[in-house]
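Thanks for coming, everyone. I would like to take a few minutes to walk through one chain, from its overall build down to a few single residues, so please have a look at it first.

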Amino acid sequence: MRFVSLFLNNRLTIAPETLVNDSSLEAVSFSEFSVVEQPPLNPTFQYDEKLQQILYGKKLLFDEISFTVDQIQKHYENGYVKYSTGISKTSNGYLCSRCGNEKIRLFAVFSCFRCKNDNCVYCRNCIMMGRVSECTPLISWSGPEVRWPDENNLFWNGELSIGQQLASQKFADNIGSDGELLIWAVCGAGKTEVLFKGIEKALNLGLRVCIATPRTDVVLELAPRLKAVFPNTKVASYYGGSEERETPAQLVISTTHQLYRFKQAFNVMIVDEVDAFPYSYDKTLQHAVSLAVTPKHFLLYLSATPSRTMKKATQKGTLQCGKILKRFHGFPLPVPKMVWGGEWKKRLERGKLPAPFLKWLKAQVESGRRAMIFVSSVSVLEKLTELIKKEIDLPVDSVHAEDPLRKEKVSQFRNEDIQLLVTTTILERGVTVPYLDVAVFGADHDVFTESALVQIAGRAGRSKDDHDGEVLLFHYGKSLSMIQAINHIKSMNKEAGI
Ligand SMILES: [Zn+2]
Ligand SMILES: [Zn+2]
């Protein structure tokens with residue numbers, strides 16, 4: 001965008017060129033202002049509470065706010081809104097203030113109609129949330145803070161296992177201080193309930209809390225549960241396509257990507273599946289977490305399979321850790337069994353299913369139980385699903401990350417309208433279905449890392465009445481990850497004394 005400089009009440013301010021009818025003033029790109037003047041707060045100005053609630057703790061683009069440029073500008077002129085640079089020049093390139101990207105290869109130029117520059121630099125790293133370019137101001141709130149309701153009591157009378165109680169207490173004890181804590185909970189330990197007490201304490205202290213998770217499925221599952229147990233609290237969920245992004249909320253459940261929209265907002269940040277892709281591999285997402293928290297904050301990490309670095313930090317004592325080794329129902333984690341599947345890839349190409357797999361499939365039909373079949377890629381997924389449909393007469397379907405019907409299919413599977421669900425690793429976490437068996441087709445493939453296999457095995461045996469679901473790894477040669485995953489599960493069971 002282009003802005004003009006002008007004097008307002010004897011102070012230098014800026015205004016979008018579209019709002020100024022004075023051709024004698026020269027309009028320049030927002031990037032030309034090295035310092036953006038911030039008018040002082042005018043206490044007599046009637047600010048808009050809705051705008052306050054939308055902008056509080058955020059940094060947004062004009063396009064993301066359901067207010068006119070004129071309305072936003074009025075708030076700026078009265079000191080209630082702040083404009084800051086989206087992309088700034090650094091000594092060796094650029095910095096995107098929204099996502100923290102500094103990698104030269106993730107910046108590009110385009111012919112920009114807003115600043116009339118043929119080479120306006122923009123950030124490719126966070127482009128999926130709307131373009132931030134050199135001439136894009138980021139808009140934030142600089143007026144009075146939002147006051148949250150005083151009463152945020154927890155309405156939940158379920159019971160915690162002993163392991164859950166200890167972890168829950170540890171988290172609650174830390175609320176109000178700054179620091180970090182890892183809760184290392186086996187799949188099926190019931191980690192959400194462990195959060196309730198600490199969240200309640202934080203909310204009643206007037207603190208703002210965020211649960212960030214890499215997966216939209218998890219946001220969709222968690223949000224209604226938290227709304228139900230905190231009925232008096234303002235809760236909102238943030239994911240691509242979410243309709244609650246303008247809802248002011250003291251408790252936010254967000255995908256890690258959506259954190260880019262926040263700025264120093266949260267006193268307590270809970271990072272779920274801290275080991276999971278993409279969070280652990282993507283430094284800019286870690287940066288997003290660091291920008292979304294207030295300078296003093298408490299960080300809680302949740303994981304069933306913490307990374308080596310994290311495990312080391314807990315051993316050294318530099319990271320506090322609460323372990324929940326037992327599943328909620330107290331039964332051991334199912335240990336995967338390895339099954340020779342032959343040259344599964346070649347057989348698929350020839351349009352055949354490996355014999356041991358076919359045998360398992362037929363037994364599955366007999367048992368009437370639901371099963372998830374994990375595969376390494378979308379092409380394997382398509383071929384395998386087609387072959388399975390030819391062999392057996394059951395409701396079978398498949399799902400992958402780009403599948404437009406993903407949400408619907410997962411809920412059909414939950415409702416037993418689908419009995420066999422073939423999936424890529426996107427469903428290795430988060431989806432909990434009782435009476436479930438699990439098979440990994442081609443478990444020797446590289447995508448099935450130790451932690452992926454532990455998570456996949458963790459889908460089975462989640463309910464008390466069916467705690468011993470079957471987990472089969474069909475392979476063409478045992479991989480190191482398969483062996484490590486089995487050892488990992490056995491050692492967790494052993495440590496738990498079961
Ligand atoms: Zn960016
Ligand atoms: Zn531009």
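The chain holds 13 helices and 22 strands, where helices (H or I, at least four residues) and strands (E, at least two) are DSSP runs numbered from the N terminus. This is a predicted model, in which local features need pLDDT of at least 70 and side-chain atom pairs count only at pLDDT 80 or more, while totals for chains, interfaces and linings use all residues. Residues are numbered from 1 along each chain as its sequence is written, and chains are lettered from A and ligands numbered from 1 in the order in which they are written.

On overall dimensions, the C-alpha trace spans about 85 × 50 × 45 Å along its principal axes.

As for burial, 45% of the 498 residues count as buried, a residue being buried if 20 or more other C-beta atoms, placed from the backbone, lie within 10 Å of its own, exposed if 12 or fewer, and partly exposed in between.

Let me turn to one helix pair. Helix α12 (residues 450–457) packs against helix α13 (residues 480–495) at an angle of about 55°, with the axes 8 Å apart; axes are lines fitted to C-alpha atoms, for helices over the stretch in contact, and angles run from 0 to 180 degrees between N-to-C directions. From α12 the contact is made by Glu450, Leu453, Val454 and Ala457, and from α13 by Ser481, Met482, Gln484, Ala485, His488 and Ile489, contact meaning that C-beta atoms, placed from the backbone, lie within 7 Å.

Now to single residues. Is Phe230 buried or exposed? Phe230, in the loop between α5 (216–229) and β12 (235–238), counts as buried because it has 22 C-beta neighbours inside 10 Å. Leaving aside residues up to four places away in sequence, Phe230 touches Asn152, Leu154, Val235 and Leu251.

Finally, the backbone: most residues other than glycine have a negative phi. Asn10, in the loop between β1 (2–8) and β2 (11–16), has a positive phi near 65°, and Asn10 is exposed, with 5 other C-beta atoms within 10 Å. Lys116, in the loop between β7 (107–112) and β8 (117–123), has a positive phi of about 55°, and Lys116 counts as exposed with 12 C-beta neighbours inside 10 Å.

Terms used. Contact = placed C-beta atoms within 7 Å.
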